[in-house]
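Please have a look at the chain on the screen while I talk you through it.

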Amino acid sequence: MTQILQHQQQQTFHNFDLKNKSAVSAGPRKNVALPSPQMSQDDLIRELGIVDKHEVSPTTSTGLLSPSVCESPRHQTSDEEIEVVEDEEEDMNDIALLMYMEFMDLIYWEIPGRSGIILTGILSSLILTRYYSLLYVFAASLTILTGFNLIFVNAYNLIRTVWTGLPAEEFLHPYHIHIRQHRSNLIPRDIVGYYVHKSVDILELVAQQTAKIVFVEDTKTTGLACLVSAVIYFMTSLIPTKVFFGLLVFALFIVPYFYEKHQELVDEHLQSMQEKFQVLMDKYGAVAHHHATVYTKQIMDASVGLGGILQQQIQNIKAKISDVSNASTIAKDNNAVDTKMGKQ
């Protein structure tokens, strides 16, 4: 009897849970291999199923709460808010990186089919909406689609009826998979929710970047944005907005891809053009500087001559005005003398 009790105590000791610091029910552990003599302490703990290894301290041994746990709710709330803000910033950075990678994949034609479909769709939409309204395009598309399906379904049912001699009601509809009542939703809610969430994140990112530009967080960034908006404003005042947007999209999809494929040839042409421009600048720079100096001297001489002429004219005008004023004064004096003589 004593040996049985000692054996049960040993089993209870081996089934002591190190993580929870409490003994579990007696009995042999199942699905746990015996520890190898060559195992390290970490391997032994991992084999026994202990995830977190904590050192035994007076606090943990007595079951008392540590000072970090006994902090005030205010400090805990502030730490949680900081963690939430950091998570949101990381999400925004991930979204920005994802948008950048997707944009680079599109303009460099990493997936040619997708890039071609997007480019064709954008240009086609711009061309159609330039000459036709959106209602016209929607109504025309719906008319073509429904008219084609109307002819196809009825012709298909007629051919089956003539071939088999059975009425059309005995056969399945050609589109029975899409129009059956007990089927999954045509619009998957999980996919729609995912894209709606991503769209909101993208709009939030755009709004934050716009606010940083408008409120001048960085002078260079705001100045560059102001310059770009001024160029767009000037270009759209000269050409229609849809034409400008179409040319911009076409350039974004063509120029980077063309430059990547023919980078050496393009760099050679750019370098030769730069050298020719530098030669022309060296050749005609001195001539232009000489002519500018001559013209500047002539303008200065002309301005000095005009200044002298204007000064002489002003003096002549002043002399005439003084002569006229003197003559008027003499005339007034003569009139006064004549008046006195007449009275006498």
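I will go from the overall fold to a few particular places in the chain.

A word on the source first: this is a predicted model, in which local features need pLDDT of at least 70 and side-chain atom pairs count only at pLDDT 80 or more, while totals for chains, interfaces and linings use all residues. Residues are numbered from 1 along each chain as its sequence is written, and side-chain values use heavy atoms, with hydrogens and water left out.

Let me begin with the fold. The secondary structure comes to 11 helices and 2 strands, where helices (H or I, at least four residues) and strands (E, at least two) are DSSP runs numbered from the N terminus. From the N terminus on, the order of elements is α-β-β-α-α-α-α-α-α-α-α-α-α. Of the 344 residues in the chain, 7% are buried; here buried means under 20% relative accessible area, exposed means over 50%, and partly exposed is in between, with a 1.4 Å probe and protein chains only.

Next, the annotation. An unreviewed UniProt entry gives "transmembrane region" for residues 106-128 and 134-156; such positions are in the numbering used here, feature names are shortened, and annotations may be inferred rather than shown by experiment. In the model, residues 106-128 are 83% helix and 0% strand, with end C-alpha atoms 23 Å apart, whereas residues 134-156 are 100% helix and 0% strand, with end C-alpha atoms 33 Å apart.

Now to the region where helix α4 ends. I107 lies in helix α4, and I107 counts as buried because its relative accessibility is 5%. Although I107 and F253 are 146 residues apart along the chain, their C-alpha atoms are separated by 4.6 Å. Another such pair is F258 and Y108, which are 150 residues apart in sequence and 8.8 Å apart in space, C-alpha to C-alpha. F258 belongs to helix α10, residues 241-261, and is partly exposed, with a relative accessible area of 45%. W109, in the loop between α4 and α5, has a phi near 55°, a positive value in a residue other than glycine. V216 also is not a glycine and has a positive phi of about 55°, and V216 lies in the loop between α8 and α9.

How many salt bridges does the structure hold? There is 1 salt bridge, the term meaning a side-chain nitrogen of Lys or Arg within 4 Å of a carboxyl oxygen of Asp or Glu. It joins R114 to E102, with the closest N and O atoms 3.8 Å apart. The pair links distant parts of the chain, with R114 in helix α5 (residues 112-131) and E102 in helix α4 (residues 73-107), 12 residues apart. Side chains of opposite charge can pair when their charged atoms come close. R114 is partly exposed at a relative accessible area of 33%, and E102 is partly exposed at 35%.

Finally, the surface of helix α9. Which residues form a nonpolar patch on the surface? They are L224, L227, V228, V231, I232, F234, M235 and L238, with about 750 Å² of accessible area together. Patches are made of residues with over 30% relative accessible area and no salt bridge, like charges being joined within 9 Å and nonpolar side chains (Val, Leu, Ile, Met, Phe, Trp, Tyr) within 5 Å, and accessible areas come from the Shrake-Rupley method with a 1.4 Å probe, where for residues only the protein chains shown count as cover.
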